[in-house]
Amino acid sequence: PDKCLSWVQASLSELRDSMIDDYNNNRLIGWLTRIRQVEEVYFRTLYILFLAAEEEAPHILAGDYPNSFGFVYNRVNEEILFGRGELTNPKAGLSLGEFKPMDILNAGAHVGFRAMQMVVLISQHSSRPPNIGGYLKHVGVYIDRIDHMRKLFEAGRDKETVRGAITNLHRPKEYWDEKQKEAQALPSKEQE
């Protein structure tokens with residue numbers, strides 16, 4: 001796993017750098033298509049490391065079809081993100097009604113007409129270029145999490161321990177606030 005995670009970390013870093021270069025050179029379709037690639041690499045990595053059955057691994061690694069990103073994402077969302085993932089939740093669009101981020105990812109990955117329409121809309125509003133800073137920060141979080149998992153595996157931690165660590169990184173702040181309140185409510189040894 002640590003070698004796989006090194007490759008994933010390098011891939012995510014290159015995709016981020018490619019997005020920055022495309023954005024800086026006004027290659028809008030270029031950076032738009034990278035978004036799906038980033039998400040897919042991250043979620044497929046979590047799936048293959050922690051959720052896939054052993055016999056699935058060769059099939060997934062070979063990229064054989066069917067090999068649905070939607071299936072992978074839904075499993076990871078359910079079992080590691082506690083259903084908090086946003087890719088399949090409807091969002092309010094700025095000008096075209098509701099959309100699901102997964103639909104945008106799919107359109108961008110296949111350079112479909114929907115992706116081209118988005119680029120046209122962005123180009124028409126060139127006085128307000130998209131702010132990709134937030135997304136780049138998001139990619140940085142993925143890279144940091146991959147690095148964290150890699151280091152845990154390198155230190156000899158088993159798969160379940162690493163899965164627990166990455167699952168904890170995906171828990172909401174409210175979960176940790178509640179845990180802190182519970183810990184504070186417990187009597188200390190000094191009070192006993």
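**Pocket, helices and aromatic pairs in a predicted model**

Helices α1 (2–24), α2 and α3 (56–62) each supply at least two residues of the lining of the second largest pocket. The structure is a predicted model, in which local features need pLDDT of at least 70 and side-chain atom pairs count only at pLDDT 80 or more, while totals for chains, interfaces and linings use all residues. Residues are numbered from 1 along each chain as its sequence is written, and side-chain values use heavy atoms, with hydrogens and water left out. Helices (H or I, at least four residues) and strands (E, at least two) are DSSP runs, numbered from the N terminus.

The volume of the second largest pocket is about 420 Å³. A pocket is found on a 1 Å grid over the protein atoms alone; it is an open set of points where a 1.4 Å probe fits, with protein on both sides within 12 Å along at least five of seven lines. Lining residues have an atom within 4 Å of a point. Grid points are joined across faces, edges and corners, and the volume is the space filled by probe spheres set on the points. The lining holds 16 residues. Nearest the pocket centre lie Glu40, Val41, Arg44, Ile60 and Leu61. Helix α2 gives the most to this lining, with six residues.

Helix α2 has 23 residues. From first C-alpha to last it reaches 34 Å, close to the expected 33 Å. The expected span is 1.5 Å times one less than the number of residues. Of the 23 residues of α2, 19 are buried, so the helix is largely enclosed by the rest of the structure. Buried means under 20% relative accessible area, exposed over 50%, and partly exposed in between (1.4 Å probe, protein chains only). Helix α7 (residues 133–154) was checked in the same way: its 22 residues should span 32 Å, and its end C-alpha atoms are 31 Å apart, which agrees. Just after α7, Gly156 takes a positive phi of about 95 degrees.

Aromatic rings were examined next. Rings of Phe, Tyr and Trp (its six-membered ring) pair if their centres lie within 6.5 Å; planes under 30 degrees apart count as stacked, over 60 as edge-to-face and the rest as tilted. This rule gives nine aromatic pairs. One of them, Tyr47 with Phe71, is edge-to-face, at 5.9 Å centre to centre and 75 degrees between the planes. This pair links distant parts of the chain, 24 residues apart: Tyr47 is in helix α2 (residues 28–50) and Phe71 in helix α4 (residues 69–79). Tyr47 is buried at 1% relative accessible area, whereas Phe71 is partly exposed at 43%. The rings of Phe69 and Tyr73 have centres 6.4 Å apart and planes at 55 degrees, so this pair is tilted. Phe69 and Tyr73 are four residues apart in α4, about one helical turn. Both are buried. Tyr42, Phe43, Phe69, Tyr73 and Tyr142 form one aromatic cluster.

Two further residues were followed through their contacts (heavy atoms within 4.5 Å). Arg163 is in helix α8 (residues 159–169) and is buried, with 18% relative accessible area. Neighbours within four places in sequence aside, Arg163 contacts Phe50, Leu51, Glu79 and Ile80. Leu81 lies in the loop between α4 and β1 (91–92) and is buried at 8%. With the same exclusion, Leu81 contacts Phe43, Val76 and His170. Leu81 and His170 are 89 residues apart in sequence, yet 5.6 Å apart in space, C-alpha to C-alpha.
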